Amino acid sequence: MTEQEYRKPIPEPVPETQFYWDKVREHELWIQKCNECSHVFFYPRLHCPQCTSDNVEPMQASGKGSLYTYMINQRPPPGWEADAPYAIAIIQLEEGPRMMSNIVGIENTPENLVLDMPLEVVFDDVLPDVTIPKWKPA
Amino acid sequence: MSLRYKVGIVGAAESTELGTLPDQSQTQLHVDSAVNAMKDAGIDKTQIDGIASTLNPSILANYFGIVPKWVDNTSLGGTSFLIHVRHAAAAIASGLATTVLITHGESGRSRVGVAGGRGSQRDNSYPGQFESIYGVFGPTTQFGMGVLRYLKETGTTMEQLASVAVAQRKWSNKVPRAKFGDLITTDDVFESRMICYPFNLLMCCLVTDGGGALILTSADRVGDFKTNPCYIMGTGESVETSIVSQMYDMTSSAAFRTASSSAFAEAKVSHDDIDHLMIYDAFAHLPIYGLEDLGFVGRGEAGAFIEAGNTSPGGKLPMNTNGGGLSYTHTGMYGMFAIQEAVRQIRGEAAHQVDGVKTSFVQGVGGMFMAAGSLIFTNEPPHD
């Protein structure tokens with residue numbers, strides 16, 4: 001699909017998030033850990049949100065998580081008509097941090113989406129240069 | 001009282017580099033400067049309890065893992081920072097904060113990480129990279145994100161969630177200016193159109209047009225005015241996060257807890273002293289989160305408390321007595337209307353007046369649990 005045809009929002013990296021998006025493009029999920037206090041965190045930052053140290057480094061996440069919570073949108077914005085109704089979900093990564101995403105591989109209904117169900121990350125190459133991480137039942 | 005000799009600057013630093021910095025986002029220029037200032041002052045983030053910036057302070061707060069009790073986002077161009085210093089000085093002199101961080105950061109030349117990106121579809125903000133891409137579209141798709149987790153953790157039922165809307169119609173039923181005053185049942189709530197599960201239409205606030213304004217002055221002048229007195233006893237404010245997915249606990253608002261604690265401490269009143277309550281109800285779960293985060297009920301008790309009629313007419317804690325954002329009006333930023341109803345109740349002039357109101361608590365929310373404000377009003381004359 002070309003960018004003209006793809007009407008959904010497209011994430012644009014900034015320098016401190018570039019590593020995350022580069023790895024997502026390679027179909028890997030990378031978060032960060034602090035070498036001072038061992039805190040593991042997401043979204044990408046240059047400092048640890050627990051101790052402010054800049055001695056932080058990227059680490060690959062296991063790609064495993066669980067469903068922390070979600071909503072199911074019935075009124076799609078432009079570009080999302082074919083997906084509706086779709087869940088917007090919060091995934092609890094095995095390592096601790098939480099991230100927002102979508103759930104694929106299962107119809108998004110309250111009956112199917114059970115809190116704490118195990119999930120694993122998948123990667124959707126939505127455009128030639130854009131990949132978005134999503135999650136499917138494990 | 002003036003600010004003369006009340007406040008000093010103990011940390012001051014610029015960003016590590018100046019010039020042409022294509023490898024640093026605008027947010028990082030704020031952050032880098034902040035870290036340098038903390039090092040200059042010899043403090044760590046745990047001592048910072050106030051944040052002022054032209055950047056949304058919730059972005060800085062969440063980045064550093066701080067839940068501040070004072071914030072300022074005054075954005076008036078290049079002089080903003082001088083005004084931040086003045087506002088921060090007034091806050092420190094009044095005891096609203098002790099140690100305030102003020103930041104500037106601007107990718108004025110390289111435009112890295114500045115709103116507007118390469119095209120309107122590509123967005124480099126935190127929402128743009130971590131939320132919008134998943135189909136988020138307005139408050140209805142974000143604000144209630146924690147509700148299913150809250151229901152699971154507390155055992156609160158969907159019926160109790162729906163009872164919030166039912167209770168508030170009992171108030172708006174006698175408020176001529178309310179958009180909706182018909183009494184409803186929880187069945188009516190569940191039969192209303194599904195907007196974004198688990199929210200049916202009647203669990204969502206209205207969308208209306210309108211406005212409100214206030215005039216304030218010093219307490220010693222209140223008696224010179226013809227209006228019934230309304231004194232400010234307590235205040236609070238806080239921020240948590242600019243993106244809902246990064247709330248520390250999605251079943252509770254850190255900003256609600258911090259702002260309301262400040263207000264109670266300042267007012268020197270207890271929960272039992274509050275005889276009227278307004279909790280900004282953009283959606284039906286806000287009064288539930290609010291009752292618990294403000295400390296009126298224990299964890300998980302708010303749904304049953306509302307369902308049993310305690311916040312309805314005749315109940316022991318009248319709440320959202322204009323019908324709230326769910327029934328009275330909701331322009332998009334409803335907080336002013338919560339204040340207006342509290343002032344009317346304190347003055348004894350509300351359409352659905354509660355007998356004998358002396359002290360009112362108003363809780364506001366901003367964004368998706370991004371920010372909170374708390375106010376406590378009274379009509380009792382000044383006393384210790």
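These questions and answers set features of the structure against the definitions behind them.

This is a predicted model, in which local features need pLDDT of at least 70, side-chain atom pairs count only at pLDDT 80 or more, and totals for chains, interfaces and linings use all residues. Residues are numbered from 1 along each chain as its sequence is written, while chains are lettered from A and ligands numbered from 1 in the order in which they are written.

Q: What makes S8(B) and S9(B) a parallel pair?
A: Strands are DSSP runs of E with at least two residues, helices are runs of H or I with at least four, and both are numbered from the N terminus. Two strands pair if DSSP finds at least two bridges between them. S8(B) and S9(B), residues 359–366, have four bridges in the parallel sense, so they pair by that definition. Met278(B) has Val362(B) as its bridge partner in S9(B).

Q: Why do S7 and S8 of chain B count as edges?
A: The open sheet has four strands in the order S7-S10-S9-S8 (chain B), with mixed pairing. S7 (231–239) and S8 (276–279) of chain B each have a single partner strand, so one side of each lacks a neighbour in the sheet. Neighbouring strands here are turned by 10° against each other on average, direction ignored. Axes are lines fitted to C-alpha atoms, for helices over the stretch in contact, and angles run from 0 to 180 degrees between N-to-C directions.

Q: Which helix lies across S8, S9 and S10 of chain B?
A: Helix H12 (residues 335–347) of chain B does, running at about 175° to S9(B).

Q: What makes S1(B) covered on both faces?
A: A residue is buried if 20 or more other C-beta atoms lie within 10 Å of its own, exposed if 12 or fewer, and partly exposed in between, with C-beta atoms placed from the backbone. Gly50(B) and Ala52(B) on one side are buried, as are Ile51(B) and Ser53(B) on the other. Both faces of S1(B), residues 50–53, are therefore covered.

Q: Which strands does S1(B) run parallel to?
A: Four bridges join S1(B) to S3(B), residues 100–103. Ser53(B) has Thr103(B) as its bridge partner there. Three bridges join S1(B) to S2(B). Gly50(B) stands opposite Trp70(B) in S2(B).

Q: How many residues of chain A are in contact with chain B?
A: 39 residues of chain A are in contact with 44 residues of chain B. Contact means that the C-beta atoms of two residues, placed from the backbone, lie within 7 Å. S5(A) gives the largest share of chain A's side, six residues. S5(A) and S5(B), residues 194–197, also pair in the antiparallel sense over two bridges. In S5(B), Tyr197(B) is the bridge partner of Ile72(A).

Q: What makes up the largest nonpolar core?
A: A nonpolar core is a set of buried Ala, Val, Leu, Ile, Met, Phe, Trp, Tyr and Cys residues joined through C-beta atoms within 7 Å. The largest one has 136 residues. Among those touching the most other members are Tyr70(A), Ala165(B) and Phe283(B). At least three residues come from each of domain 1 (26–124) and domain 2 (141–378) of chain B. Not counting residues up to four places away in sequence, Ala165(B) touches Ile184(B), Val189(B), Leu202(B), Met203(B), Ala284(B) and Leu326(B).

Q: How do you know where the two domains of chain B lie?
A: Their bounds, 26–124 and 141–378, come from an automatic or database domain assignment. The contact takes eleven residues from domain 1 and 13 residues from domain 2. H2(B) supplies the largest share of domain 1's side, five residues.
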